[in-house]
Amino acid sequence: MKGYINMNEYDQLWQKILNDLENIFSEELFVDVFEPLKKTHKFSNGQIYVVVPNEFIKNRINKFYINKINELAEKYNKDKIHFKFVTESELIPEETLISPERNLNLKYRPGNLNRSYTFDNFVVGKSNNFAFRMAMKVADQPGMVANPLYIFGDVGLGKTHLMQAIGNYILDNDIHKKIMYVKADGFIEDFANLLRKEKMDDFNQKYRDIDVLLVDDIQIMGGATKTQMEFFKLFDFLYHQNKQIVITSDKPASELKNIMSRLTSRFEVGLTVDIQVPDLEHRIEILKRKLATESSDIHDIPNNVLEFIASSFVTNIRELEGALKRVLFYCLANNLDLSLESVNEALEPLLKTKRKSNSLNENNYDKIQSIVSDFYGITVDDLIGKKRHLKYILPRHISMYLIKSKYNIPYKTIGMLFGGRDHSTVLAACEKIENEIKQDSSLKLAIETINKKIDHFTQN
Ligand code: ADP
Ligand code: MG
């Protein structure tokens, strides 16, 4: 904390500990993990913060070395001082809380908001129009319009972007608003730390003393029962004060697995919006917008090239962006014109793996259908057909269930593999089989046998 806290003594303490660690652990490990961590970042609530370059190193330290480090800290310092390792994105820089916009170059704003996710650079189309409009309304009047706002959609379609745009917008309007953005796994971790160290005050300060709570990827909380109970309390605490809550997920609240129903029913009291896959035109528009903001010399790409990229990356905007970056880089580095030919060359490795995994998986769906049909002595046509006789229905449901559990593709896609059945039919079938396996041991055995055959015959 440049300026008003003297970090010297903490840096000195850290240096002593680093020296010890260098002696204790192998050189290789030291260079890998600790070498980059030369300086401490700040001291707060009895903890010295050290910023680590990525999640991977953080987890490694927290798993294997943190105890040793704190042991050494206690040895050198009579006060009970502990170390905390955080990635840059986890910092809530107090300095910016005091003077929030002092440093406009910072990628992150108070509350963990990524400055680059704004409404302005969110390209609106049919697939996200409603979600966008509702997000704007919520940002305009937090706590008043829809609480919670629940946004769901497949990976890479802009949930995190939209959610953080809400936070950024609110902060732009009122610099004193306290926003907290957290991914569900970060919340789980904070809660685990709270239990370990009895730091209820820190936890409450972080999550209760706020105006807006943004929780990303709530599905990750599935199975974490104690965390869910704490989150439930937090939710009610904020909700009853009209504090805006926004939640994102990869599925509707009603389909969340292993999340307690008193939570999912809370999610449903507000407004649910979804984001779908953008159509071709929309994807081209996104590419154009990225190009205009990309700090690159190339701003004009022939239309056929844009179209080629946009038609090759259909289901995930992150991949689409990645492809564009790759093309720009490739052509720049090799001094090539942006022609269809060079773009094809640049993207070939990506397209190849895409083709491979698609066709492998598609083959495998076919195989599952034929293995299950064989097992029950029916034809594949009947398996995917419309006949509603029991002897077709069970194998049909079993194959849907197996494809879902092995490949986790969207219910809608599975429905397409079964003659265009809809999302909810497939969902119901999968849930039915999942429940019946628990009660019916002969069904369980049959599915295990089928599974063995599938593993034998499918490639990957
Ligand atoms: P999700 O959270 O749904 O997995 P993200 O919000 O992380 O997806 O989006 C993935 C990437 O695609 C981000 O870089 C984001 O900025 C970009 N993106 C997603 N939707 C849009 C959009 N409508 N306009 C512009 N960029 C978008
Ligand atoms: Mg996300």
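Trainee: Does Asn168 count as buried or exposed, and at what relative accessibility?

Mentor: Buried means under 20% relative accessible area, exposed means over 50%, and partly exposed lies in between, with a 1.4 Å probe and protein chains only. Asn168 is found in helix H6, and because its relative accessibility is 2%, Asn168 counts as buried. This is a predicted model, in which local features need pLDDT of at least 70 and side-chain atom pairs count only at pLDDT 80 or more, whereas totals for chains, interfaces and linings use all residues. Residues are numbered from 1 along each chain as its sequence is written, chains are lettered from A and ligands numbered from 1 in the order in which they are written, and side-chain values use heavy atoms, with hydrogens and water left out.

Trainee: Which backbone oxygen lies 2.8 Å from a polar atom of the side chain of Asn168?

Mentor: A polar contact is a pair of N or O atoms within 3.5 Å; within protein, one must be able to donate a hydrogen and the other to accept it, and residues adjacent in sequence count only if both atoms are side-chain atoms. For the side chain of Asn168, the backbone oxygen at 2.8 Å is that of Tyr117.

Trainee: How many helices and strands does the protein chain have?

Mentor: Helices (H or I, at least four residues) and strands (E, at least two) are DSSP runs, numbered from the N terminus. The protein chain has 19 helices and 10 strands, and buried residues make up 45% of its 460 residues.

Trainee: In what order do the 5 strands of the open sheet stand?

Mentor: Two strands pair if DSSP finds at least two bridges between them. Here the order is S7-S8-S9-S6-S10, with parallel pairing. Strands S7 and S10 (271–275) stand at the edges with a single partner strand each, so one side of each is left without a neighbour in the sheet. Even so, 4 of the 5 residues of S7 (residues 179–183) are buried, so this strand is largely enclosed by the rest of the structure. S7 pairs with S8 (residues 212–216) over 5 bridges in the parallel sense, and Met180 stands opposite Leu213 in S8. S8 is in turn joined to S9 (residues 244–249) by 4 bridges, again running parallel, with Ile247 in S9 as the bridge partner of Val215.

Trainee: Which residues come nearest to ligand 1?

Mentor: A residue is near a molecule if one of its heavy atoms lies within 4 Å of it. Of the 17 residues around ligand 1, those that come nearest are Val123, Gly156, Thr160, His161 and Arg318. Helices H6 (159–173) and H13 (317–333) each supply at least two residues of this shell. Oxygen atoms of ligand 1 lie 2.6 Å from a polar side-chain atom of Arg318, 3.0 Å from a polar side-chain atom of Glu321 and 3.3 Å from a backbone N or O atom of Leu157.
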